[in-house]
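Here is a friendly note to read beside the model. Please keep the picture open as you go through the points.

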Amino acid sequence: MIRAAKSVFKADHECPLIPFEPRKDEGNEIAVVACGEAFARQERFQQMEGVDRIVLGYTGGKREKPTFTKIHDHTEALLIEFNPHKVSFSEILQRWHECHDNPWEKEKHPHHRSAVFWISLAQQDAALEFIEELRASNPSKQLYSEVERARRFYRAKQLCPELSLEPKFEGNETAVFACGDFVVAHHHFQATEGIDRVITAYAGGKRDIPKHHKPYDHAEAVFVEFDPNVISYRQLLNVWHECDNPWEEQIPQHRSIVFWKILSQQDAALEYIAELQANNPKKKLYSDVERVRKVYEVEVYDANADDLFESPRFGRKEAAPQAPVAKDNTPEARQNGEKP
């Protein structure tokens, strides 16, 4: 039933290189900081008077040309353009420190480390002095923050387009599941026989057009296109259950949900969850069954949306209806594990 996945993502794009130069005003300066899940912290800096531009991206690694799905040894970071006459670099550092969940605890994820990337010697001196003061204030604790020279900054992707819920291949069906981290879920579903397409996505929220760094009230999810002659919907529910721990309450973005498209999916999901609960009556199952409404793809790159403040309005054009693509179901194709 399980096979090695040929490709983790359907499509991927290089993150463009961003220069360390002010764009709003020649007198502005640039600061680059990393503070854990930096993409979730940009609003804290956006609220500061004097901050004119914020770009979400990756930096700090030696590998060139990272992509959103393969950022290699880089870390999530923010490029901040600010007016030094309204806000100082020291105030940027103070806000950077406040944005950490706990700078005294080592970040388990290498892409979420804590660092200040200096552009000038003055920034280097200010950052080193600031960190030394923090260490002096808590000499018994170890501060897991670094000061490094800024070398390359790669802009991350921004907007997530809405997905069609219709299958691409003739005779297939589609399903949508949320089960924690969608990258982990993608691996599980992609490696399952009978699944022809897996797309990481956001779903389940009321807000339109989520962004990579700002999914609003949506949950991380996977859109799955499958061949019902090879794998049943019930078997997909087994994969969904194996991807997550539904007996522990998760953060809203990683909540556990089966999104039903047709009534038969709803009935199957409710029956499946009832069986799980009956088998473990002493535990609380944190899983929901909801009707799927809008699903937003994560992998597509919007080349025009280069920062928070100047992202254009996202206009979608309805795609012209296309006839389903006939699949190659020959024994040879199946034997070779080829995708149609």
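1. A word on the basis. This is a predicted model, in which local features need pLDDT of at least 70 and side-chain atom pairs count only at pLDDT 80 or more, while totals for chains, interfaces and linings use all residues. Residues are numbered from 1 along each chain as its sequence is written, and side-chain values use heavy atoms, with hydrogens and water left out.

2. How do α2 and α3 lie to each other? They are oblique, a class for angles that are not under 35 degrees (roughly parallel), over 145 (roughly antiparallel) or 65 to 115 (roughly perpendicular). The axes of α2 and helix α3 (residues 121-137) come within 10 Å and cross at roughly 45°. Here axes are lines fitted to C-alpha atoms, for helices over the stretch in contact, and angles run from 0 to 180 degrees between N-to-C directions. Helices (H or I, at least four residues) and strands (E, at least two) are DSSP runs, numbered from the N terminus.

3. Now for the residues that meet. Phe89, Leu93, Gln94, Trp96 and His97 of α2 are in contact with Gln123, Ala126, Ala127, Phe130, Ile131 and Leu134 of α3, contact being heavy atoms within 4.5 Å. Sorted by class, this contact has 8 nonpolar, 3 polar and no charged residues. Nonpolar covers Ala, Val, Leu, Ile, Met, Phe, Trp, Tyr, Cys and Pro; charged covers Asp, Glu, Lys and Arg; the others, Gly among them, are polar.

4. Which residues of helix α2 (residues 89-98) are buried? They are Phe89, Ile92, Leu93, Trp96 and His97, where buried means under 20% relative accessible area, exposed over 50% and partly exposed in between (1.4 Å probe, protein chains only). Looking down the axis of α2, you find these buried residues within an arc of 140°, so they line one face of the helix. The arc is that of the directions from the helix axis to the C-beta atoms. An α-helix has 3.6 residues a turn, so residues three or four places apart point the same way.

5. Thr75 is buried, with a relative accessible area of 0%, and Leu78 counts as buried at 0% relative accessibility. Leu78 has its own neighbours. Not counting residues up to four places away in sequence, Leu78 touches Ala31, Phe45, Leu56 and Phe153, among others. Leu78 and Gly57 are 21 residues apart in sequence and 6.2 Å apart in space, C-alpha to C-alpha.
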